[in-house]
Amino acid sequence: MASITLENLTKSYGDTEVLHHVHGQIEDGEFIVVVGPSGCGKSTLLRMIAGLETITGGQVHIGDRVVNDLEPAQRDIAMVFQNYALYPHMTVRENMAYGLKIRKFSKAEIEARVREAAEILEIGDYLDRKPRQLSGGQRQRVAMGRAIVRHPKVFLFDEPLSNLDAKLRVQMRLEIRKLQKRLGVTSIYVTHDQVEAMTLGDRLMVLNKGYVEQFGSPIELYSRP
Ligand code: ADP
Ligand code: ADP
């Protein structure tokens, strides 16, 4: 597990700065939701932390390491995407095992981790199915399984529920929250949905036009004028 420090982070595309001096200290085990309207820079911020986007200025610390120059695979993070990003030709089991296989984990370790994740997520019954044979909610669980088996220090969620219908979204929200508290993994979750943000976040980082407007617990934010 790890704390995360965002220190004066900026991002420019060409001459246009889209994130301006983002600052924030995230505690070990905390669940942070980054919320704001479309285009405010949420996804860019997350991708910079993941190492999928270069950092124009400032630093990202995970634990006691500055990760600016580390490859994504060296950052001890796992990311869950909106479109699940599952491999269609692989079974659920293979999808979950893949990231460990390419990292040369032993067969026994892979098996143990897949079994553990399948139990936590209650997806043990369809380990041999392909993604297309699953419902949206089941696919999202598998996507989370693929993140969990990595035993990362940090989870990053990029609007993971926005493809699901409203009822399932509420259910999965509760499941993600429970799961995160059970595993205690420091998490950053991006969404444009304010209700989702309030339900999930220990604290909310409110972004607007690339600026952090507020950073606090739901109660703090709502008791302010
Ligand atoms: P959000 O996730 O909040 O919807 P993004 O992080 O995707 O916002 O985008 C923030 C801003 O950066 C937007 O104005 C977007 O148009 C711009 N942007 C994102 N990616 C690129 C890119 N590859 N090149 C140029 N501008 C980009
Ligand atoms: P890799 O071969 O490095 O695992 P991937 O295509 O799986 O490549 O992902 C690209 C990068 O995104 C990886 O280096 C990995 O560290 C990072 N990543 C974050 N979360 C995940 C995840 N749930 N599954 C796979 N890769 C992830």
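Two strands pair if DSSP finds at least two bridges between them. With that in hand, welcome to this predicted model. Strands β1 (residues 4–13) and β4 (residues 57–62) run antiparallel and are joined by five bridges.

**Around ligand 1**

- The shell around ligand 1 is made of Y13, V18, P37, S38, G39, C40, G41, K42, S43 and T44.
- By class, that shell holds four nonpolar residues, five polar ones and one charged one.
- Helix α1 (residues 42–50) gives the most to the shell, with three residues.
- An N or O atom in the side chain of T44 is 2.5 Å from an oxygen atom of ligand 1.
- The backbone takes part as well: a polar backbone atom of G41 is 3.0 Å from an oxygen atom of the ligand, and a backbone N or O atom of C40 lies 3.1 Å from an oxygen atom of ligand 1.
- On its own, ligand 1 has 560 Å² of accessible area, and the protein covers 54% of that.

- Is strand β8 (residues 186–191) mostly covered or mostly uncovered? Mostly covered, as six of its six residues are buried.
- In a regular strand, side chains alternate between the two faces of the sheet.
- In β8, T186, I188 and V190 point one way, while S187, Y189 and T191 point the other way, and all of them are buried.
- Strand β3 (residues 31–35) pairs with β8 in the parallel sense, over five bridges. Within this pair, Y189 of β8 stands opposite V33.
- Strand β7 (residues 154–158) also pairs with β8 in the parallel sense, over five bridges. Here D158 has V190 of β8 as its bridge partner.
- From β7 the chain crosses through helix α5 (residues 166–183) to β8, a β-α-β crossover that is right-handed.

**The antiparallel strands**

- Which residue of β5 is the bridge partner of I62? The partner is R65.
- Strands β4 and β5 form a hairpin with two residues between the strands, and in this hairpin G63 takes a positive phi near 60°.

Note on methods. Residues numbered from 1 in each chain as written. Chains lettered and ligands numbered in written order. Predicted model: local features only at pLDDT ≥ 70, side-chain atom pairs only at ≥ 80, totals over all residues. Heavy atoms only, no water. Near = heavy atom within 4 Å. Polar contact = N/O pair within 3.5 Å; in protein donor to acceptor, adjacent residues only side chain to side chain. Areas by Shrake-Rupley, 256 points an atom, 1.4 Å probe, with all protein chains shown as cover. Helix = DSSP H or I, 4+ residues; strand = E, 2+ residues; numbered from the N terminus. Nonpolar A, V, L, I, M, F, W, Y, C, P; charged D, E, K, R; others polar. Buried < 20%, exposed > 50% of the residue type's maximum accessible area, 1.4 Å probe, protein only. Right-handed = clockwise from strand over helix to strand, strands pointing away.
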